Amino acid sequence: MTRSVLVRVPATSANLGPGFDTLGLALSVYDELVVTVLPDGELEIAVSGEGAADVPRDASNLVVRSIAYAFEAMGRRMPGLRLEARNVIPHGRGMGSSGAAVVSGLLAAKGLLEGDVEIGDETLLRLATELEGHPDNVAPALFGGFTIAWVDEGGPQHKKLLVHRGVAPLVLVPGFTMSTSVARSLQPLHVPREDAVFNVSRSALLIAALTQSPELLLAATGDRLHQDYRAQAMPETDRLVRALRAAGFAAVVSGAGPSVLVLADGPGRRLEAAELVAESTDTPWDALMLAVDVKGGTVREYAEGST
């Protein structure tokens, strides 16, 4: 089998405030990957862009492990591979870089196996969740848009919703990183009942705010389940979220942090938020004016010189 495929996967922001491990949003920042079949046993990896100095160049590479996982799940032997990764999604910043790597590998396997076995959406989500541990980042990376993800007796499930055109995402990316495992370790096993009720109400409201009523975004992005507990590990992020919310902006920690996501109710308000950040903090923040990605991850045949 001689084949090359091109994979493109968006960044994501999970939780969105109250929707811990459930809600996610696909954003218009993309990693691209070209995977070419080589003779058995060969493995070549080239990485440019984000994480180029740190990404493993052997079988421990997360994309390679994800491809191998899909081939094994489909009962097929993985061939030799050449990977050419062009990474744009920041690493360790709460924008779903690991989820994007998992999805990139699975979509590459889907493309390489096309015509032999079909890997459907349900299988892709199941495999991605098994690799990532939870579906809140991989669902929007796979399918785009605003996703609600949950797990039941049938495995991981998702519902994709269209975001109101008035919602204008702004991601503020710092120079420092945050470990997802460390962030998760700071959360207690039990929370007060009133905090749980608070988050249930805000999660429900957030669905309405993102799809129908952007003017409700500030109230809808309140959280008591995870952000306050993680604040000690990223005080600059916590201070910025509090400052933005005090000024009326729907600011939340993006994923496990330390980036901050602002869900502005219009491009003008988004610019105001970016200006406030520039004026009110000494910490450098890279302001990314983004759109909601609606397509999710894609894979297609690739020929040298094509775009």
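**Labels and the numbers behind them**

Mentor: Let's begin in the loop between β1 (4–14) and β2 (23–38), where Leu 16 is found. Keep in mind that this is a predicted model.

Trainee: What makes Leu 16 count as buried?
Mentor: The cut-off for buried is under 20% relative accessible area. Leu 16 has 0% relative accessibility, so Leu 16 counts as buried.

Trainee: Which peptide bond is cis?
Mentor: The one from Gly 257 to Pro 258, with omega near 5°. Most peptide bonds are trans. You'll find Pro 258 in the loop between β8 (251–253) and β9 (260–264).

Trainee: Now the aromatics. How many aromatic pairs does the structure hold?
Mentor: One.

Trainee: Why is the pair of Phe 176 and Trp 285 called edge-to-face?
Mentor: Two checks. Ring centres must lie within 6.5 Å for a pair, and planes over 60 degrees apart count as edge-to-face. Here the centres are 6.1 Å apart and the planes are at 75°, so the pair is edge-to-face.

Trainee: What does the pair tie together?
Mentor: Phe 176 is in the loop between β7 (168–174) and α5 (180–185), while Trp 285 belongs to strand β10 (residues 285–289), so the pair ties together parts 109 residues apart in sequence.

Trainee: Are Phe 176 and Trp 285 buried or partly exposed?
Mentor: One of each. Phe 176 has a relative accessible area of 24%, so Phe 176 is partly exposed. Trp 285 has 12%, so Trp 285 counts as buried.

Trainee: How do you know that a charge sits over the ring of Phe 198?
Mentor: One part of the test is CZ of Arg within 6 Å of the ring centre; the other is an angle within 35 degrees of the ring normal. The charged end of Arg 224 is 4.0 Å from the centre of the Phe 198 ring and sits over that ring. Arg 202 also lies over the face of Phe 198, at 3.8 Å from the ring centre.

Trainee: Which residues have the most contacts inside the largest nonpolar core?
Mentor: Val 35, Met 95 and Leu 210, in a core of 67 residues. Helix α2 (residues 97–113) gives the largest share of this core, ten residues. There's a second, separate core of 16 residues, and Leu 240, Leu 244, Phe 249 and Trp 285 are among them.

Trainee: Which residues does Leu 210 touch?
Mentor: Leaving out residues up to four places away in sequence, the list includes Leu 16, Phe 146, Leu 162 and Leu 263.

Trainee: Last one: how do you know that the chain agrees with a compact globule?
Mentor: With 307 residues, such a globule would have a radius of gyration near 19 Å, and the chain has 19 Å, so the two agree. Buried residues make up 53% of the chain. Of the contacts with a separation of 6 or more, 73% join residues 24 or more positions apart.

Key
Residues are numbered from 1 along each chain as its sequence is written. This is a predicted model: local features need pLDDT of at least 70, side-chain atom pairs count only at pLDDT 80 or more; totals for chains, interfaces and linings use all residues. Side-chain values use heavy atoms; hydrogens and water are left out. Rings of Phe, Tyr and Trp (its six-membered ring) pair if their centres lie within 6.5 Å; planes under 30 degrees apart count as stacked, over 60 as edge-to-face and the rest as tilted. Helices (H or I, at least four residues) and strands (E, at least two) are DSSP runs, numbered from the N terminus. Buried means under 20% relative accessible area, exposed over 50%, partly exposed in between (1.4 Å probe, protein chains only). The radius of gyration is taken over C-alpha atoms; the globule rule is 2.2 Å times the number of residues to the power 0.38. Contact means heavy atoms within 4.5 Å. A nonpolar core is a set of buried Ala, Val, Leu, Ile, Met, Phe, Trp, Tyr and Cys residues joined through side-chain atoms within 4.5 Å.
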